[in-house]
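I opened my notebook to look up a few things in this structure.

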Amino acid sequence: MMQAPADADLTRLIYQEARLIDQGRFDEWYALYAEDGLYWMPLAPGQHSGLDEPALMYEDKMLLRLRLDRMKDPRAHSLHPAVRCLHVLQAPEVTGRDAAAAHYTLSTPFIYVETQGDTQHILAATAEHELIGTPQGLRIKTKKVLLLNCDAALPAIQLLP
Amino acid sequence: MSQPMPMQPPDAGGESMAGLVQADRVHRDLYLSARVYELERERLWKRAWVFLGHDSLVPKTGDYYTAQIAGQSLAMLRQADGTLAVMFNRCAHKGSRLLHERQGNTGKFLRCPYHAWTYKLDGKLMSVPLKNDYEGTGMSASPSGQGLAAPGGVRNYKGFVFVRISGAGLDFDRYFGSTALATLDNMVARSPLGELEVVGAPLRNVIRCNWKMYLENINDTVHPISTHESAATAAAGIGKSLPEGDAGTSLAMEQLLPFGAGYSFYSDMGAKVLPNGHSVLGTKASIHSGYAPLPEYEAELAARYGADQARALLSFSPQNTVFYPSAAFKTSPSLVRVLRPLGPDRTLVEAWALAPKGAPQRLRQRVASYARLVFSPMSVVAHDDVHLFESQQIGLGSDGNEWVSLHRGHQAGEAQSPELALENGNNEIMMRNQYRGWLRLMDPA
């Protein structure tokens, strides 16, 4: 039987995920997600479903793959000049731990900065992660990004908060 | 002693805009000039019938929905008798906004937070504090004593609420005409109950470009192949790796794959230009025509209308019907994009998902999926559009050519036919037609 991860193992994955996005290592980032992984950005506070009503983003691994494949295309016009981002994370808090089911939840407030040329956008959000233990190690089952201003009129957000 | 400021309307001088629009091209000042924008606010956005919102946003007495339309703060409120009232969201006393949320319920009356003037739901003044102090003054006879002002025209067309700020101008039916309105008829008829409702919240985007660029693009069939090449190529790559038959059943793939269609696909769509700048793109087919059938829902419509009529109803899936200048509707997936200019170089675009009341879950998921894949600030499709609109807004400032070409398919005398069916969906006549509508609304008279 696998040993239950310590809190530090769980939080390490959260920091690692943010760092891989910031460094543009998207394939490694993608590998952190479970096969049934999901990336959800609700459009309204308390949104109950990203499937039955519009969301900012609600993507399974197939759609995340599509997103990353597009970013590699030299004709992804919006990415010229290059877009860079930075996550500034508050210490992730382990909010749930079910070692028997290998299921863990974490909550991480953060500031996200995206920059391109001379423009820069700043967003504030909380990430809610569901992590699961797999034979290959910890994986992200769900990342839910709760933007503080999810219902505001937003500029294009090109990378991954 | 200082002189009072002379009273001068912002439109003084009756400037003509005719020099900015030629038969086959338009001047860059249309997009760049603060003066043109100011005159648009004064003329075009007040004379046009502008989409305010869907009435399902305000189902119960006292429910309200507010919007900013080219500087005008408007509110629609559900009355106790079930009807709607639309008024300016401006206290009759000193102008404070009465409603500060985009949507909510005000209870049985409206109360200004500043001096507690209160109004009935229809805008009539109910009470003011220190009433006795107003005796013998001219307040009650003045506009301030008349309660909340209302726009010149309001029309609830089968749940779609439009306003005309000005008291003068074309009446609603003449402004849109039966061909444009047929798109709304179709959307409503797709509901077995004859009623639509808004699904979830709108996707709201602020884009640093002139509103007319966005509206032109709604009729532009030639950009997808180059603008959306990266998204379409990625979708095609994923599509190939899916198991046989899967691509047709995945909502996302059936919605994204058509973005890779070639010029001939769009050319074959067919289109119609209509008076006053309106148009229908995709009269014969569109990127929405190939969605998987929903047998139970279709059987329900067939029982209601008969099989032939139900089929005709569902096969009308234009790419967009432009309700100039403020909205573009898709019948399937049932969706409206709403344009709210914020300045000469800033535009708010909202995408509202709609579905028949009691619609099968799959239909709601279809519109939710399309809205987020294509119109979200996180959309892999919209990123390239937004980037290029913003690039165009900056690029047009460069000297060397002051004109924007709209020559594709131009034929001398085409403007003589106010309503024209086109075989070729790639014709820029839809944009030339928008500018003919623009000129008419910008007439200084």
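**Entry 1: a hairpin in chain A**

I looked at the hairpin of E4(A) and E5(A), where 4 residues lie between the strands and Ala102(A) takes a positive phi near 55 degrees. I note that this is a predicted model.

Next I checked how the strands pair. E4(A) covers residues 93-98 and E5(A) covers residues 103-116. They run antiparallel, and 5 bridges join them. I picked out one residue, Gly96(A), and found that its bridge partner in E5(A) is Thr105(A).

**Entry 2: where chain A meets chain B**

How many residues of each chain are in contact? I found 37 in chain A and 42 in chain B.

I then looked up the area. A general note first: interface size is often given as the accessible area lost when the parts come together. Here chain A and chain B bury about 3200 Å² between them. Carbon and sulfur atoms hold 63% of that. On the chain A side, Pro54(A), Leu66(A) and Arg70(A) supply 19% of the area buried against chain B, more than any other three residues.

**Entry 3: charges and polar pairs**

I counted 2 salt bridges between chain A and chain B. Arg75(A) forms a salt bridge with Glu229(B), and their closest N and O atoms are 3.1 Å apart.

Which elements of chain A supply at least two residues each to the side touching chain B? Strand E2 (57-60) and helix H3 (61-72) do. H3(A) gives the most, with 7 residues. I sorted the residues on this side of chain A: 21 are nonpolar, 7 polar and 9 charged.

Note on methods: Residues are numbered from 1 along each chain as its sequence is written. Chains are lettered from A and ligands numbered from 1 in the order in which they are written. This is a predicted model: local features need pLDDT of at least 70, side-chain atom pairs count only at pLDDT 80 or more; totals for chains, interfaces and linings use all residues. Side-chain values use heavy atoms; hydrogens and water are left out. Contact means heavy atoms within 4.5 Å. Buried area is the accessible area (1.4 Å probe) that two parts lose on being put together, summed over both. A salt bridge is a side-chain nitrogen of Lys or Arg within 4 Å of a carboxyl oxygen of Asp or Glu. Ala, Val, Leu, Ile, Met, Phe, Trp, Tyr, Cys and Pro count as nonpolar, Asp, Glu, Lys and Arg as charged, and the others, Gly among them, as polar. Two strands pair if DSSP finds at least two bridges between them.
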